[in-house]
Amino acid sequence: MSVGAGFRRAAAVLLAFFIVLPAVAQQAPAAAVSPAEKGASAPAIRMIRFGVLPLGGTVESRALWTPLMNDMGRSLGMPVSMYSVPTYEELDRAIGRDEIDMAFLSGKMALDAVMQRRMKVVAQIARHPGLPEHRAVLLVRKAGPLNTLEGLLAQPEKWRLARGDSRSVTGFIVPQSQLFLPNNIEMETRFRSEFVGTHQATALAVANGDADVATNNTTDFERFRQQFPIEAERLQVVWESQPPPGAQMVVRRDFPPEFQARLQNFLTGYGKAKGARGDAEREVLKSLRAAYGYVAADDSALLPQALLERQLGRQHAMAASWVNEAAREQRLQRIEKTYAEQVETLRSAAR
């Protein structure tokens, strides 16, 4: 069985398993009214459905997030049900179906949810000056036929690529924008083959010889080193990006403002207490690679992501073949119009 088929089969089994687990959440009353139902007064919020992307694998992700979800439930006085799925696409669909009340999303997914008026940003991971910043990386095998960046860029058609979903900032968007397109390489078309999966799956694909190069990031690769030390020892980083836009904590826009504030206060206060409770919370944050907790944020925190998407769109437009220059110019104008609309929407949140 190929690595792509194997991982797709595993993902299908995990997805079926976890769709059964949150059944209580799916049968419970909706946490908030949809925009189409706003003629009536909003019912009391009785639960929170929290969506997360897999940190490594779906099972591992559930285990890592459960302590924070339990603490959130105790603080708010209501159950918090985790909606854990193996793919960006499935989480995107769940947000579109209003099955998610709160989520920790990549910059790309958060921007889409905000622009669709479904979600708003309330917090992001706090960074500490002097510590290494989160970055995208490329991984290859130390002893493999491909072990230099120059070899990769010279003949991409020789190599098998393992990458993240197109919505993944470090698994796709940043490597495409900062490395491949500037070298006239389209990730989707120039490689011998490609496998799309989680950061853990792409690293394993290269370590086990099923792919030659993988997109990843410094945070997930450090987690990979701890979980798979033997496989990690086979890998090396051949490229590292500039710091990308960060992931965001978002909540439903139609939640009452006072409830949004309660969620934000929980997040920003988490891990700040003294004593045994604070120590336990700080351990939870460390496991989530958010050692310094969360800080308050609003939609304007997505401005760097909007700029990155504008840059990527322009790079695609300039590299593509067009019927004539007028067609290219029309595309560039649409990109600028979309970016201007995003900036206006995101900045309005900070006014």
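Me: What volume does the second largest pocket have?
Reply: This is a predicted model, in which local features need pLDDT of at least 70, side-chain atom pairs count only at pLDDT 80 or more, and totals for chains, interfaces and linings use all residues. Residues are numbered from 1 along each chain as its sequence is written, and side-chain values use heavy atoms, with hydrogens and water left out. A pocket is an open set of points on a 1 Å grid over the protein atoms alone, where a 1.4 Å probe fits, with protein on both sides within 12 Å along at least five of seven lines; points are joined across faces, edges and corners, and a volume is the space filled by probe spheres set on them. For the second largest pocket this gives about 420 Å³.

Me: Which helix gives the most to the lining of that second largest pocket?
Reply: Lining residues have an atom within 4 Å of a point, and the second largest pocket has 17 of them. Arg127, Leu131, Pro132, Thr219 and Arg289 lie nearest its centre. Helices here are DSSP runs of H or I of at least four residues, strands are runs of E of at least two, and both are numbered from the N terminus. With four residues, the top contributor is helix H9 (residues 218–227).

Me: Is arginine 289 buried or exposed, or does it fall in between?
Reply: Arginine 289 lies in the loop between helix H12 (275–287) and strand S11 (294–296), and its phi is positive, about 60 degrees, although it is not a glycine. Most residues other than glycine have a negative phi. Buried means under 20% relative accessible area and exposed over 50%, with partly exposed in between (1.4 Å probe, protein chains only). Because its relative accessibility is 24%, arginine 289 is partly exposed.

Me: Where is asparagine 184, another residue with positive phi?
Reply: Asparagine 184 has a phi near 60 degrees and is not a glycine. Its relative accessible area is 62%, so asparagine 184 is exposed. Its place is the loop between H7 and S7.

Me: What handedness does the β-α-β unit of S6, H7 and S7 have?
Reply: Strands S6 (residues 160–163) and S7 (residues 193–196) run parallel and are joined by four bridges, where pairing takes at least two DSSP bridges. Leucine 161 stands opposite glutamate 194 in S7. A crossover is right-handed if, with the strands pointing away from the viewer, the path from the first strand over the helix to the second runs clockwise. The unit, with H7 at residues 169–180, is right-handed.

Me: Which residues does histidine 316 touch, leaving out those up to four places away in sequence?
Reply: Histidine 316 is in helix H13 (residues 303–319) and is partly exposed, at 25% relative accessible area. Its C-alpha is 7.6 Å from that of leucine 181, 135 residues away along the chain. With contact meaning heavy atoms within 4.5 Å, the residues touched are Gln176, Leu181 and Glu186.

Me: Why does leucine 267 count as buried?
Reply: Leucine 267 lies in helix H11 (residues 257–269). It touches Met72, Met102, Val122, Ala123, Met249 and Tyr294, not counting residues up to four places away in sequence. Leucine 267 counts as buried because its relative accessibility is 0%.
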